[in-house]
Amino acid sequence: MKKTYPNEVCPDCNREVVDYYDYYMVKDKIWDEHGCGHGQMHMECLSKRMGRPLSIDDFTDAVVNMKFKQGYLAALIWVDWWQTNHDYIN
Ligand SMILES: [Zn+2]
């Protein structure tokens, strides 16, 4: 597939932001406070700026987020649920 524009470079870690895998949309409030304007950055780097992991409520209802809502975020939430409900393991 031919690219029509170069990938953005994340301002925090200087690595490329890959079109598909790193593409997500967070709510304006989050992006205005912690994001990088018209650029793009990784979710990990954004959450470092925020000082906390992204939660499912930080994402918009945009279709591009469905992959995270169904996969990555679902896993995070599951891990979180597991840890709060199984803290005797620690
Ligand atoms: Zn980054």
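1. Burial first: of the 90 residues in the chain, 11% are buried. Please keep in mind as you read on that this is a predicted model.

2. On the overall layout, the chain has 3 helices and 0 strands. Reading from the N terminus, the order of elements is α-α-α.

3. A word on confidence. The average pLDDT over the chain is 80, and 74% of the residues reach at least 70. Helix α1 (residues 28-34) has the highest mean among the elements, at 96, while helix α3 (residues 66-85) has the lowest, at 70.

4. Now for contacts along the chain. Taking those between residues at least 6 apart in sequence, 53% link residues that are at least 24 apart.

5. Met 25 gives you one such place to look. This residue lies in the segment before α1. Once neighbours within four places in sequence are set aside, Met 25 is in contact with Phe 59, Thr 60, Ala 62, Val 64 and Asn 65. Between Met 25 and Phe 59 there are 5.9 Å from C-alpha to C-alpha, although the two are 34 residues apart in sequence. Met 25 counts as partly exposed because 16 other C-beta atoms lie within 10 Å, which falls between the cut-offs of 12 or fewer for exposed and 20 or more for buried.

6. Asn 14 deserves a glance too, and is also found in the segment before α1. Its phi is positive, about 60 degrees, even though the residue is not a glycine.

Key. Residues are numbered from 1 along each chain as its sequence is written. This is a predicted model: local features need pLDDT of at least 70, side-chain atom pairs count only at pLDDT 80 or more; totals for chains, interfaces and linings use all residues. pLDDT is the predictor's confidence in each residue, from 0 to 100. Helices (H or I, at least four residues) and strands (E, at least two) are DSSP runs, numbered from the N terminus. Two residues are in contact if their C-beta atoms, placed from the backbone, lie within 7 Å.
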